[in-house]
Amino acid sequence: MEGMKETVEESLREMRETFASGRTRSLKWRKAQIGAIYEMVKDNEDKICSALFQDLGKHSTEAFRDELGVVLRSATVAINSLDKWAVPKHSNLPLLFYPAKGKVISEPYGTVLVLSSWNFPISLSLDPLIGAIAAGNTVLLKSSELSPNASAFLAKTIPAYLDTKAIKVIEGGPDVATILLQHQWDKIFFTGSPKIGRIVMAAAAQHLTPVTLELGGKCPTIVDHHTISKNIKSVVKRIAGGKWGSCSGQACISVDYVLIEKSYASSLIDMLKPTIKSFFGENPKESGCLSKIATKQHVQRLSRLLNDPRVQASIVHGGSIDEEKLYVEPTILLDPPLDSEIMNEEIFGPILPIITVRDIQESIGIIKTKPKPLAIYAFTNDENLKTRILSETSSGSVTFNDVMIQYMCDALPFGGVGESGIGRYHGKYSFDCFSHEKAIMEGSLGMDLEARYPPWNNFKLTFIRLAFREAYFKLILLMLGLKR
Amino acid sequence: MAAKKMFGAANASILVTDLRRSFDDGVTRGYEWRVTQLKKLLIICDNHEPEIVAALRDDLGKPELESSVYEVSLLRNSIKLALKQLKNWMAPEKAKTSLTTFPASAEIVSEPLGVVLVISAWNYPFLLSIDPVIGAISAGNAVVLKPSELAPASSALLAKLMEQYLDSSAVRVVEGAVTETTALLEQKWDKIFYTGSSKIGRVIMAAAAKHLTPVVLELGGKSPVVVDSDTDLKVTVRRIIAGKWGCNNGQACVSPDYILTTKEYAPKVIDAMKKELETFYGKNPMESKDMSRIVNSTHFDRLSKLLDEKEVSDKIVYGGEKDRENLKIAPTILLDVPLDSLIMSEEIFGPLLPILTLNNLEESFDVIRSRPKPLAAYLFTHNKKLKERFATTVSAGGIVVNDIAVHLALHTLPFGGVGESGMGAYHGKFSFDAFSHKKAVLYRSLFGDSAVRYPPYSRGKLRLLKALVDSNIFDIFKVLLGLS
């Protein structure tokens, strides 16, 4: 670890020197670096897909859709928009201050730290990296040790494409993270669990470092059968895709559990089963289209969630586990008890509880008993229900009639609230995430007002009072001696 | 007069529970409630100004003009702006969608965070208490205010007036010191807004980290003033004086802390300052009623110590008189104190003004950059290039050219720090945003589902996905028509 400590100190020193040199301020430099990220992904598609397959059993189509495609698009948007994003915003100032001018410019924080996650190790590393670079920072990325092949790819390939004095990669686990967090950074961007989020923020507090924490939660999916029964096929497909189609349920915005009226639960289950089969065939383990669970420990955790006898009793589909092969079968539960562990922690796996209610309106009450999630999904055409969901629940985001796709909409901020996180990114929000919005006001040396200065008297007091109220007419009267 | 009750952990817990119940019941959400509370705050400003002025005279010896203008008038404006703009601020903001999410519509909805804590400071006890509360209420939160115990008359008056006028089911004041603040900080808040020192800022953020509570920290620093010889010296000096001794006698977060100028120009600056200081405060500034006193003996002793340090006491070129009994220190100018002296190592927060001289003005940028980032940085010059360089290369919360501190009054500019001087910003709409969660909402249609999204995965689906990511219409058609 001594060696690692020195590496970190040396890296920080070099990045700070590079930042001080001003090189990262140039928009040309930033676009070139982001362009290099684009090239790196395009040139190494096969290597990346292979790494993701080795780490998580991700199929190359899923890898492209969820990771490579996201990064390529993010890089393109950043390059095309950077000039616009970097333009100062001019502010209107009140007449009293004429001819003063005001504007806000976005300046880079300086040297920033990105702590990535294992489930989307490429996009959750490169997407924040793009934001940090677009904003003009130097950046150190720590990739997750739980996706070792993806991490190794990044550690090896980023230096071959990017400016190594400004952008660095360190591999490692919690002990490396601990060393990193002891140092002063100008911003920290963390993707991971709320538990570690607290540790990151506590470490940041020692240095007054601002943080963005992209955490998680239990993303509920409300199915209002009354109003969407005509399109139930689409609904079922989307839910199934949102649970099992992306990293086997190990995504921060995965469908965690479904809420539906009791009378419709069995028909939902009856439609989910063939959908699973259409996705993964008779034997999902051999389908090649279902991602693996990250590690044996994660499999054991999911196993433990299922081992609760009351939960076992609620299994209506699936339930088999192969720890060796890091496989958990797509599993459906019907009404596991609300106080079971599986209903009180983020599942992060291919197990789907279906919770029934008498009236779909009750689902809002259940959602409110849990910490604020990253996303709430609702399949409904009932405008009243939509309004209630929006105003009575709180979450990072709400998506109606679909799941997960809000991730692709870069005009929408992506981030949590409460337990699901602090801050946001994607699109211009990534640029803002890594920028300090600096206010600049320029006054005029001419046009000095005596009333601004001591010694104080009643005239000056009245003048300033009127000025603040922007009561310009009365101000003129005062100055002409026509007002007391 | 009732004895003051001890406020401990149990009281804090009950308080938060009460307010959370009010929030959950929807008390604070409606437009009408927010407007009513804001109007009550306006009544406080309109009907109780003499009491506020008296409390500030008790606590700080603040001159009536300063109290009336820099606390009451600023607050009045802030409330009026919120009343005028609230409907706008509360309205959802439309967001663009893209081809990848078509068909869809998106918006960003502002929602309150919940139950928030505002911890205020002693130097502008009314402004720094009520201004953030305006933001909290406008955004629809329930709020607890803890005013500073170092301004006891103001704290008591705030508690009395707010209890008298505002809805105590959702807005409360807790008076007290370390014990009470600690008890409050153990609770889970949805946001904490703190104004004060960097040292305590760390404590606040560390406490917030336990609950993943987002924070705004309005801290301080040594705000430098660079004075170029190419300026209007009389106006420059008057503005510096008014911004330093005219604003709570240097006890303000954006007070000009020290001056940087050339060796050549310094004598002129000092002469001009002496002349204007006499004009403002007379030959005997210790008798002038136009300056606040030092807040208490602890700070008096602290400032005394800064002046008495060896290598510093002999650098006094003007002033230096002290009167501990009346808590007064004369406006004092020092020339070329050592860079490592105490007075140059901490935020002065008092009526002492060091002037540091350089061989050429460009060196001032390096001096500033080698120190923690301040809340404000000032420059007086006619030179356009110098202004540009200053604005782009000096990092601070805000930059003001050719004036001092006025940017505080501008609601169109975000007011906040960076690095050691803080995180987050407020004033105007920025206050509303500081206390809101911006929830992303995506409305999708149940039609138009692409098989591309779902397993089983295939090359064809991969090609289509790639085309979609590039949002390239031609490629999409080619794939759909089987031509690619």
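R76(B) touches L42(B), C45(B), D46(B) and E49(B), leaving aside residues up to four places away in sequence; a contact here means heavy atoms within 4.5 Å. The residue R76(B) sits in helix α4 (residues 64-90) of chain B. Helices (H or I, at least four residues) and strands (E, at least two) are DSSP runs, numbered from the N terminus. With a relative accessibility of 10%, R76(B) counts as buried, because buried means under 20% relative accessible area, exposed over 50%, and partly exposed in between (1.4 Å probe, protein chains only).

Before I continue, please note that this is a predicted model, in which local features need pLDDT of at least 70 and side-chain atom pairs count only at pLDDT 80 or more, while totals for chains, interfaces and linings use all residues. Residues are numbered from 1 along each chain as its sequence is written, chains are lettered from A in the order in which they are written, and side-chain values use heavy atoms, with hydrogens and water left out.

Let me turn to chain A. Its secondary structure comes to 18 helices and 18 strands. Of the 484 residues in chain A, 62% are buried. Among the contacts in chain A with a separation of 6 or more, 71% are between residues 24 or more positions apart.

Next, the sheet. In chain A, 6 strands form an open, mixed sheet in the order β5-β4-β3-β6-β7-β17. Its edge strands, β5 (167-172) and β17 (421-422), each pair on one side only; two strands pair if DSSP finds at least two bridges between them. How many bridges join strand β3 to strand β4 of chain A? There are 5, and these strands, residues 111-115 and 138-144, run parallel. Within this pairing, L113(A) stands opposite L140(A) in β4(A). In general, strands of a sheet pair through backbone hydrogen bonds.

I now come to the cysteines. A disulfide is a pair of cysteine sulfur atoms within 2.5 Å, and a search of the whole structure finds 0 of them over all chains. For C49(A), the nearest cysteine sulfur, that of C289(A), is 13 Å away.
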